[in-house]
Amino acid sequence: MLTADELKKRYPQKVASTDDIFGKIKAGDRIFISTGCGEPQYLVNTLVRYVESNPKAFFDTEILHVWSLGVAPYSDAKLKSNFRQNSFFISRHTRQAVNNGDADYTPILLSDVPSLFRLRQVTVDVALIQVSPPDEHGYCSLGISLDITRAAVESADTVIAQINANMPRVHGNTFLHVEQIDYLIWHDEPLLEYPPPLVEEKIAEKIGHYVARIVEDGDTIQIGYGGVLNATVTALGEKKHLGVHTELLSDGLVKLLKSGAVDNSRKERNRGKTVASFCMGSRETYNYINDNPAILFREIDYTNNPLVIAGHNHMTAINSALEIDLTGQASAESIGSTFYSGVGGQANFMRGAVLAPKGKNILVLQSTSRDGKNSRIVPALAEGAGVTMTRGDLHYVVTEYGIAHLHGKNIRERAMSLITIAHPQFQPWLIEEAKKRKLIYEDQAYLPGEKGKYPAYLETYRTTKHNQRILLRPVKISDEPLIKEFHYSLSDESIYRRFMSVRRYLPHEELQKHYVVIDYTREMVILAIIEQEGREKVVGMAQYYLMEDTMSAEVSVVVRDDYQKMGIGFEMLSHMITSAKSEGLHNVVVDILPDNTAVFHLIEKLGLQYERKWESGIVRLIISMKDLAGKNN
Ligand SMILES: CC(C)(COP(=O)(O)OP(=O)(O)OC[C@H]1O[C@@H](n2cnc3c(N)ncnc32)[C@H](O)[C@@H]1OP(=O)(O)O)[C@@H](O)C(=O)NCCC(=O)NCCS
């Protein structure tokens, strides 16, 4: 690396006093400032001091920036005649000014900004950037903020760079030769850091658990901004051979890189490399990416290009939103008409990912606002909200209450799925609002309180002895279409054996009353599900009802004909019996036709002791829970 003295000797014409340099800025100029944590704080503060101490300094300039994280001293009201801000992505520091009308906001996909500069649709007169010290060949690195900064540098009339020894040298397209810079000001200071907003640990854990169910080994992932996303990546630590192609490199992602879950070995593009465009995180993260050949920074019109994103098989984009409505459109940009952040790169990634072979997208959000007062799942987006994800975009939505798969689902199905993953406190309200809007059945039932509280703890994955992986989970109020499909797939014989009747017709009213909207404190329906590319297919259903005034439950089970004799009945019944036992039941009873050898065989396989009773042509098997310790778990 060159020292400050060597730099002065080699490039004397590029070193001048700040007064001389800033004196060249003219009224009406557009001044670009590097993004996020790459903001050259010393340059910005010195510029503002220069203006404050020079009554004749320029006026009416426009500050162009993305996600200003610094203190933004130029936004002070007394400098109103000198600066007006224009954000491509709003931050906490600029939000109030934008919404008061004291600053501007330009909604744009960040991937479109470089061409905006290069085609001079927006001219950049002065670029204030921050770089690492130059090497002996004269190359500095744009370090943690490449994104739109290179395009700004290449199209600006004057480039002023703060050299900061704390700026990492990052591999990729980050290098600028000193000759591309007009003025150099050396000032070392700690880089801005971005501690993502904290999320309650339990909530992050639950969300992470659901996201980890969707992300598969070998996927290439992108993860967006925000506390929830940063916290939930921890849950991906157990995955193998993940790849990363992302816009923002966060502390969370770097943790995954360090853990070995990411090795980029399966990526179609840039194999072996983690690709990102900028980084916002902690000092530790900046140290990690310094001179790290496994990390490649590319400009934002490359990383965020949907065609590049779609070039990764198994691409999985994971982003967050402020609100989602019951039809499946989400806003990440505004809360009603209050501008909150920006268009950013979310739409590029979420769309690019689903264009990829076996690609998918996941929208992650906490079910309520941080104070718990508002549901983020709402009947309709508030007036003025900017739609970031349209109804056609989303595949999965995840909250701490589960997963809603929206792709290919009609309005009723998606509204019910989203209500199921809303905070239980808001579910009755959402159901009533959805009914008013005719989004769901007019008579959609719901049991509030304990009776309707979904027992997520009963969810479990099992692999049958025929190597079929199944999810066993209690029924949800959104499962009506799945159960309907399952019921009508059953043969007459299976229906007869299960219901002791040949009646097939199962209208909505009965379906919801007997199988879908159940009182979990008195009955249970466990579904055996095969997950196929996001869709759930019910292949078996087990039920029990508590019998009044006894500690017994009546159990029944049925498996789809084309999945019988694959061990599914065994897994369901064993799960059912385990849960019945944990509820403190003494007995379970199963009513069968006398020739139902399958059930006898099944019960024997489970090692259950039973007594038989005959009642009007039906055999009642009474299974005692007492002798069960250690079995069926
Ligand atoms: C009874 C039923 C649920 C069993 O489900 P399943 O998923 O096919 O059962 P499994 O594959 O787990 O079988 C467990 C054991 O029983 C055996 N088995 C299954 N069906 C059998 C049959 N018809 N005859 C003899 N043994 C049978 C299996 O071979 C297996 O034993 P193995 O491990 O030695 O191979 C299923 O046959 C069904 O849905 N029947 C119609 C509905 C019904 O009769 N319900 C019971 C009244 S509530």
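Trainee: Which residues in α14 are buried?
Mentor: This is a predicted model, where local features need pLDDT of at least 70 and side-chain atom pairs count only at pLDDT 80 or more, while totals for chains, interfaces and linings use all residues. Residues are numbered from 1 along each chain, as its sequence is written. A residue is called buried if 20 or more other C-beta atoms, placed from the backbone, lie within 10 Å of its own, exposed if 12 or fewer do, and partly exposed in between. By that rule, the buried residues of α14 are Arg414, Ala415, Met416, Ser417, Leu418, Ile419 and Thr420.

Trainee: How many residues of helix α14 are buried, and out of how many?
Mentor: Helices are DSSP runs of H or I with at least four residues, strands are runs of E with at least two, and both are numbered from the N terminus. Helix α14 spans residues 411–420 and is mostly covered, the count of buried residues being 7 of 10.

Trainee: Which elements do the buried residues of α14 pack against?
Mentor: Packing here rests on contacts, and two residues are in contact if their C-beta atoms, placed from the backbone, lie within 7 Å. The partners of the buried residues of α14 include both strands and a helix, namely β17 (323–325), β22 (377–378), β23 (396–399), β24 (402–405) and α15 (427–436).

Trainee: Which element gives the most to the side of domain 2 that touches domain 3?
Mentor: The chain is divided into domain 1 (4–186), domain 2 (201–444) and domain 3 (456–628), with bounds from an automatic or database domain assignment. The C-alpha centres of domain 2 and domain 3 lie 35 Å apart, and 10 residues of domain 2 are in contact with 7 residues of domain 3. On the domain 2 side, the element giving the most, with 4 residues, is α14.

Trainee: How does that side of domain 2 divide by class?
Mentor: Ala, Val, Leu, Ile, Met, Phe, Trp, Tyr, Cys and Pro count as nonpolar, Asp, Glu, Lys and Arg as charged, and the others, Gly among them, as polar. Sorted this way, the side of domain 2 that touches domain 3 has 3 nonpolar, 5 polar and 2 charged residues.

Trainee: At what angle do helix α16 and helix α18 pack?
Mentor: Axes are lines fitted to C-alpha atoms, for helices over the stretch in contact, and angles run from 0 to 180 degrees between N-to-C directions. Helix α16 (residues 480–489) and helix α18 (residues 508–516) have axes 10 Å apart, and their angle is about 100°.

Trainee: What is the orientation of α16 to α18 called?
Mentor: Angles under 35 degrees count as roughly parallel, over 145 as roughly antiparallel, 65 to 115 as roughly perpendicular, and the rest as oblique. The angle therefore makes the orientation of α16 to α18 roughly perpendicular.

Trainee: Which element gives the most to the shell around the ligand?
Mentor: A residue is near a molecule if its C-beta atom, placed from the backbone, lies within 6 Å of it. Of the 23 residues around the ligand, Arg497, Gln564, Gly569, Phe570 and Ala598 come nearest. The elements giving two or more residues are α17 (492–499), β29 (552–559), α19 (568–582), β30 (587–592) and α20 (597–605). The one that gives the most, with 6 residues, is α20.

Trainee: Why does leucine 296 count as buried?
Mentor: Leucine 296 is found in strand β15 (residues 295–297), and among the residues it touches are His171 and Asn270. Leucine 296 counts as buried because its number of C-beta neighbours inside 10 Å is 20.

Definitions and conventions
Lists of a residue's contacts leave out its neighbours within four places in sequence.
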